[in-house]
Amino acid sequence: MREKILYAIGIVTGALLVRNLYVILLQLPDEAKQDAIWRIFCFHLPAAIVSFTGFFVALVFSLIYLAKRNLKWDALAASATEVSFALAIVTLVTGSIWARIIWGVWWAWDPRLTSYFICLLIYSGYLMLRRVIDEPTTRGRLSSVLSIFGFTNIVIVWKSIEWWATLHPGPVLSIRSGGGGRMNPAMESAAWWNVLAIGLLTVMFVAMRMRQEDTRRELDALRRLAHTI
Amino acid sequence: MNSKARAALILIAIAAPLAAQVSVSGKVTDDTGAGIPDLKVTLTNQSTQVEKEIRTTPEGVYTIQAEPGTYALAIEKPGRGVFAIRDVQLAAGQNQTVNFGMSAQSDNRNFRYMFYGFVAAWLVLVIYVISMVSRENTLKRQVENLKQMLESEKR
């Protein structure tokens with residue numbers, strides 16, 4: 001049943017991504033100030049939104065793990081964090097390519113980019129920590145604490161464009177306060193459709209990653225058994 | 001009221017709205033800086049959605065008169081869709097200038113980098129999926145090896 005649901009999500013996601021690529025590349029016009037490069041935004045922003053949501057979900061699962069000490073929640077938190085980290089890399093790479101054209105540089109140490117870089121460092125630390133600790137409960141406890149610590153930085157990343165004068169563009173989406181809603185509605189709509197597509201892709205990846213956590217738990221149990229023998 | 005005063009009042013009534021009008025103008029240029037003629041320029045009032053349309057002159061210049069307000073300005077570029085700019089503020093007594101540079105060279109560079117961006121985004125995700133699948137296979141192999149080892153230990 002789980003496999004069938006995964007296949008169904010896969011088909012819907014594939015169809016959505018094809019539809020979105022058609023709209024972004026062939027239907028929407030170039031933007032007056034940015035020309036064709038604005039289209040990167042349709043991947044940059046959805047990847048950022050979905051990764052932030054994923055980190056938030058991981059935070060919730062980490063808190064539940066700390067409260068209930070059930071390794072299932074830790075596995076869910078780890079899966080959500082890892083997939084969100086991959087999307088955060090997508091955000092970073094696409095943003096950097098956009099910046100090369102618009103700003104003339106690949107990277108600038110402005111508050112949004114710097115806080116984002118720190119966020120990536122924290123979550124890469126989370127993933128490394130999980131690799132080096134073999135004992136499941138210690139691994140779960142320490143990584144949950146790191147997940148809580150990491151999410152405080154996500155809040156700083158999210159609000160940085162409102163709190164400080166950044167080189168990074170300010171809020172453009174209509175849902176954001178502090179100057180949001182300045183974007184062409186058709187262009188914004190394309191970005192939201194991609195949020196949905198990338199969101200579904202993330203659900204699929206997390207489910208795939210959960211299978212891996214199940215195998216890992218089985219391996220941990222077998223190792224403990226092997227030690228007793 | 002004598003006829004002169006009446007004529008003056010009529011003149012004021014006609015001229016007042018015209019005097020309140022402001023203009024948005026600019027030049028659309030190509031790579032060499034030369035003006036591009038005969039491009040469709042549309043000015044849309046963002047609150048009323050009323051549109052005004054004009055074409056660039058042989059020198060690539062356009063000028064549109066409008067009432068003060070917030071406008072979207074669009075220039076149709078043959079073969080590459082519409083260049084649109086929103087939130088052009090036209091305030092009373094202030095004429096706006098909005099120039100457009102339509103460089104074929106920068107178009108190509110922008111398009112190339114956009115393509116790199118799309119490829120990079122997908123490449124990251126594909127690499128992630130490959131690493132996830134290979135890790136899962138490694139874990140499964142380790143589980144199988146341990147199971148076999150434990151079986152042989154039992155025997």
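Visitor: Is Trp103(A) buried, partly exposed or exposed, and what is its relative accessible area?
Guide: The model is a predicted one. Buried means under 20% relative accessible area and exposed means over 50%. The value for Trp103(A) falls between these cut-offs, so the residue is partly exposed, with a relative accessible area of 22%.

Visitor: Is Trp98(A) buried or exposed?
Guide: The cut-off for buried is under 20% relative accessible area. Trp98(A) has 12%, so this residue is buried.

Visitor: How many aromatic pairs does the structure hold over all chains?
Guide: Ring centres must lie within 6.5 Å for a pair to count. Over all chains, the number of aromatic pairs is 15.

Visitor: Which kind of aromatic pair do Trp98(A) and Trp103(A) form?
Guide: A pair of aromatic rings is described by the distance of the centres and the angle of the planes. For Trp98(A) and Trp103(A) the centres are 5.6 Å apart and the planes make 80°. Planes over 60 degrees apart count as edge-to-face, so the pair of Trp98(A) and Trp103(A) is edge-to-face.

Visitor: What is the angle between the planes of Trp163(A) and Trp164(A)?
Guide: Trp164(A) is partly exposed, at 41% relative accessible area. With Trp163(A) it forms an edge-to-face pair, 5.8 Å centre to centre, and the angle between the planes is 90°.

Visitor: Which residues are linked with Phe43(A) into a cluster by ring pairs?
Guide: The cluster holds one residue of chain A, Phe43(A), and residues of chain B. Those linked with Phe43(A) are Phe118(B) and Trp122(B).

Visitor: Over which ring does the charged end of Lys72(A) sit?
Guide: The cut-off for a charge over a ring is within 6 Å of the ring centre. The charged end of Lys72(A) is 4.7 Å from the centre of a ring, that of Trp73(A).

Visitor: What is the distance from Arg109(B) to the ring centre of Tyr113(B)?
Guide: Arg109(B) lies over the face of Tyr113(B). The distance to the ring centre is 5.5 Å.

Visitor: How many residues of strand S1 of chain B are buried?
Guide: Strand S1(B) covers residues 22-29 and is mostly covered. Of its 8 residues, the number buried is 7.

Visitor: Which residue in S8(B) stands opposite Val28(B)?
Guide: S1(B) is joined by 2 bridges to S8(B), residues 100-101, and these strands run parallel. The residue in S8(B) opposite Val28(B) is Phe100(B).

Methods. Residues are numbered from 1 along each chain as its sequence is written. Chains are lettered from A and ligands numbered from 1 in the order in which they are written. This is a predicted model: local features need pLDDT of at least 70, side-chain atom pairs count only at pLDDT 80 or more; totals for chains, interfaces and linings use all residues. Side-chain values use heavy atoms; hydrogens and water are left out. Rings of Phe, Tyr and Trp (its six-membered ring) pair if their centres lie within 6.5 Å; planes under 30 degrees apart count as stacked, over 60 as edge-to-face and the rest as tilted. Buried means under 20% relative accessible area, exposed over 50%, partly exposed in between (1.4 Å probe, protein chains only). A charge sits over a ring if NZ of Lys or CZ of Arg is within 6 Å of the ring centre and within 35 degrees of the ring normal. Helices (H or I, at least four residues) and strands (E, at least two) are DSSP runs, numbered from the N terminus. Two strands pair if DSSP finds at least two bridges between them.
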